[in-house]
Structure formats: C-alpha cells, structure tokens
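Here is a short tour for anyone meeting this structure for the first time. Have a look at the sequence and the model, then read on.

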Amino acid sequence: MAPNPPNVRAAPADAGRPSSSRCYAARVRYRGGTLLALVGIALAGTSAGAQPTRPPADQPDWRGTGIVLKLLPPPSDLHATRPVIVIRHDPIDGLMKEEMSMPFLAASTALFKGLRTGDRIAFGLKETADALLVISIERLGPGR
Ligand SMILES: [Cu+2]
C-alpha cells in the first residue's frame with residue numbers, strides 16, 4: 001500500500017472531489033436517514049483529497065440558494081443528535097449542477113432561528129471531516 005500524504009498531490013483544486021461521488025449524492029432522492037448515510041459515505045471518500053485552495057475554517061466552501069422544506073432540530077427522524085435542514089436548493093456552483101431537494105446537517109440549531117418552512121435562503125456549506133455542513137443561513141424572503 002503506497003502511503004498517500006494529503007499534501008503531495010499537485011493537482012487542480014477540484015481533483016480531490018471526484019464528480020462520481022458528487023453525482024452519486026446528487027442522484028439520491030430524499031429518502032430519510034438512508035440518504036444522510038449515503039451522503040456521508042460519499043463525502044468520506046472525497047475528504048481525503050487535498051484541497052490546497054480551501055477557504056479558511058470559518059468561510060464556506062460553497063454558497064447556495066434555495067427554499068427551506070424542513071427544519072429538524074435533534075432528535076429527528078434524520079438524525080438523533082444533530083440539526084438537519086432539508087433544502088430545495090438551486091444548482092450550487094462547483095458542487096451540484098442540478099436543483100434538488102436534500103437534507104444537510106447544520107452546524108447549530110441556532111441557524112434555524114427566525115426561519116420557517118417555505119423561506120427562501122442563501123446558505124454556506126463547509127466540507128468537514130464527517131459531513132457537508134450548513135454553516136450559515138441568510139433569509140432572503142418568503143419563498144411562496
Ligand atoms: Cu444537492
């Protein structure tokens with residue numbers, strides 16, 4: 001087994017994010033806890049890649065917009081201990097090409113404050129060791 005130190009790859013920033021994993025997560029439709037597990041697996045596979053141009057810890061890796069479908073403080077059907085937000089998101093530049101409805105883990109339940117189902121939001125996503133995490137949410141207005 002050849003060791004694979006994270007810093008030796010000379011590759012474009014996106015090389016560590018195989019499109020196959022992203023597409024896989026993207027194809028999966030919202031089916032409760034199973035989806036979170038699948039997304040987690042896909043991310044575990046990609047987070048090993050070097051990301052030399054990664055933003056600082058408090059900055060999102062991606063920014064998206066969408067409509068809040070569900071706000072699920074823990075415990076919920078989707079996660080026992082962590083907050084989950086289900087978003088019908090627009091295409092996310094550099095991450096997911098298609099609009100879709102999917103759950104994301106949220107960094108804190110405090111992000112849900114003032115939000116309601118149907119709100120249109122802008123949000124920041126951060127790829128962490130164990131999850132693609134929503135780290136910021138800005139309410140843009142009622143979605144309908
Ligand atoms: Cu998605």
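## Starting from a loop

Where is Thr117 found? Thr117 sits in the loop between β3 (100-106) and β4. Strands here are DSSP runs of E at least two residues long, numbered from the N terminus.

Before going further, a word on the ground rules. This is a predicted model, so local features need pLDDT of at least 70 and side-chain atom pairs count only at pLDDT 80 or more, while totals for chains, interfaces and linings use all residues. Residues are numbered from 1 along each chain as its sequence is written.

## What surrounds Thr117

Is Thr117 buried or exposed? Thr117 counts as exposed because it has 12 C-beta neighbours inside 10 Å. The cut-offs work like this: 20 or more other C-beta atoms within 10 Å of a residue's own makes it buried, 12 or fewer makes it exposed, and anything in between is partly exposed, with C-beta atoms placed from the backbone.

Leaving aside residues up to four places away in sequence, Thr117 touches Val68, Leu69, Lys70 and Leu71; a contact means that the C-beta atoms, placed from the backbone, lie within 7 Å. Val68 is 49 residues from Thr117 along the chain, and their C-alpha atoms are separated by 5.1 Å.

## The barrel

Now for the strands. Five of them form a closed barrel in the order β1-β2-β3-β5-β4, with mixed pairing; two strands pair if DSSP finds at least two bridges between them. From one strand to the next, the twist averages 45 degrees, taken between N-to-C directions of lines fitted to C-alpha atoms, on a scale from 0 to 180 degrees.

Strand β1 (residues 62-72) runs antiparallel to β4 (residues 119-127), and six bridges join them. Here Ile67 stands opposite Arg120 in β4. β1 also pairs with β2 in the antiparallel sense, over six bridges, and Val68 has Ile87 as its bridge partner in β2. Ile87 in turn stands opposite Met102 in β3, where β2 and β3 run antiparallel and are joined by six bridges.

## The core

What about the inside? The largest nonpolar core has 20 residues, and Ile85, Phe104, Leu105, Ala106 and Val134 have the most contacts inside it. Such a core is a set of buried Ala, Val, Leu, Ile, Met, Phe, Trp, Tyr and Cys residues joined through C-beta atoms within 7 Å. β1, β2 (84-89), β3, β4 and β5 (132-142) each supply at least two of its residues.

Phe104 touches Ile85, Ile87, Leu132 and Val134, again not counting residues up to four places away in sequence. β2 is mostly covered, with five of its six residues buried.

How values were computed: Helix = DSSP H or I, 4+ residues; strand = E, 2+ residues; numbered from the N terminus. Contact = placed C-beta atoms within 7 Å.
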